[in-house]
Amino acid sequence: MTNMPITPPVDTIDYRRRQAMARIVQRVVILVSAIVLAIYVLAPVSWLVSSAFQTETEIVSIPPHWIPDEPTLGNFKAIFTAGDSAPVTYETRSGTDPAAGNFIPSTAKNLLPSMGNSLIVATLVVILNLLVGVPAAYAIAKIRFWGRNASVYFILLTRVIPDIALVVPFFLVIRKLGMLDTLWSLVITYLAVTVPFTVFILIQYFEGLPDELDKAARVDGCSRLQALIKVFLPLSLPSLVAVVLFTFLTSWNEFLLALMFTQTSASQTLPILLASFTSDFTVSFSFLNAAGVLAIVPPVIVAIVFERYIVSGLTAGAVKG
C-alpha cells in the first residue's frame, strides 16, 4: 500500500496565508509610520541647516530649495564679523536693494557673547543640580526618617505648578537679592525648576537598587557619603546622564525666565537674542537660520558625548570579573 502525503485542509492553508499577510501588513504599517514620523521630526531641522547655507533670495523663492543651488558661508561669516561691522542703527544692508535682504541685525554683535552666557548658565546649573539633587535623592531613597513621604509629595507638588505662575515670586526674590540682570539670577531660578525633576528621577533609581549594597558598604566602614560616591553613583550612571541631558537642554532653551530677569547683553542668553533678530523692521531669514544652526551645535555635542556613557552605564556590571 502506497503512503500518500497528507495535505492540510484548505481552511488551515487559508488561515496561515492570512496570518502571513497580516504580519506583512503590520510591518508595512510600522515602516510607513516610522518614515512619516522621521520626516515630521527631521524636516524642520533639515530646512534649518539647508537654509543657513542659502542666500536670502533663494530662501524666499517658490518652490523652496531643499538643496542650495549656490551654497554660501556668508551667513556664518556675518555672525563672526558682526561685532566689527554692525552699527547702532536698526540694521545694515549689504546690498543696494532693501528688499534683497542680506543685512545684519543690530543685535548680531551680541550673538557669540550670548552663546557664552547660555553655556555658562547651563554648565553651572548642571553642576549645582547634581551637587544638590544626588545627595537629596539618596537620602530620601535609602534613609528612613520622619516626613520622608511628605518630602516626596512636596517635591512632586513643585512640578505641578506652571512655570508662568512662579515668575512674579521669582522676580521679587531676585530683585530683593540684587541679582537682576545677572547670570546668577538665571542659575538660581533654573535650579528651582530642575532640581525637583532630578530628585524625583534619582529617587526612583536609587530605590530600585538593593538595600544590601548600602548595608554592605556601611559594614565595610563607609560613611553615607562614601557609600553614595563609591557604590551608588557608578551604578546610577544612566539616570545621571538622563538628568544631565534634561538639565542642560532645559537651561539652554529656557526663554520666559531669561526674558524677565535679563535686560542687557551682559546677561542675555541665546534664546533671547535669537528672538531679538525678528524685532527689526526686516527679518533676514538666512542670518537667523545660520544663528539657529550654531544654537543647536552645543546640545548635539553634549548628547553625542553622553550617549557613550549611557551605553557603558547600561552594560556596567553585566560581565563578572
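Helix axes here are lines fitted to C-alpha atoms over the stretch in contact, and angles run from 0 to 180 degrees between N-to-C directions. This is a predicted model: local features need pLDDT of at least 70, side-chain atom pairs count only at pLDDT 80 or more, and totals for chains, interfaces and linings use all residues. Residues are numbered from 1 along each chain as its sequence is written, and side-chain values use heavy atoms, with hydrogens and water left out.

**View 1. The chain overall has 13 helices and two strands.** Helices (H or I, at least four residues) and strands (E, at least two) are DSSP runs, numbered from the N terminus. Of the 321 residues, 35% count as buried (under 20% relative accessible area; exposed is over 50%, partly exposed in between; 1.4 Å probe, protein chains only). The chain exposes about 19400 Å² (Shrake-Rupley method, 1.4 Å probe). Carbon and sulfur atoms supply 70% of that area. Contact means heavy atoms within 4.5 Å. Among contacts between residues at least 6 apart in sequence, 71% join residues at least 24 apart.

**View 2. H9 and H10 cross at roughly 75°.** Their axes come within 5 Å. The two helices are therefore roughly perpendicular to each other (65 to 115 degrees; under 35 is roughly parallel, over 145 roughly antiparallel, the rest oblique). H9 brings Leu233, Pro234 and Leu235 to the contact; H10 brings Leu237, Pro238 and Leu240. These residues divide into six nonpolar, no polar and no charged (Ala, Val, Leu, Ile, Met, Phe, Trp, Tyr, Cys and Pro count as nonpolar; Asp, Glu, Lys and Arg as charged; the others, Gly among them, as polar).

**View 3. The largest nonpolar core has 35 residues.** Such a core is a set of buried Ala, Val, Leu, Ile, Met, Phe, Trp, Tyr and Cys residues joined through side-chain atoms within 4.5 Å. Those with the most contacts inside it are Val121, Tyr190, Val199, Leu202, Phe206, Phe232 and Leu257. Helices that each supply at least two residues include H4 (111–142), H7 (183–208), H9 (224–235) and H10 (237–253). H7 gives the most, eleven residues. Apart from this core lies another, of 28 residues, among them Val126, Phe248, Phe287 and Leu294.

**View 4. Leu202 and its contacts.** Neighbours within four places in sequence are left aside. Leu202 then touches Gly133, Val134, Ala137, Ser239, Leu240 and Val243.

**View 5. Thr107 sits in the loop between strand E2 (103–105) and H4.** Beyond neighbours within four places in sequence, Thr107 contacts Leu273, Ser276 and Phe277.
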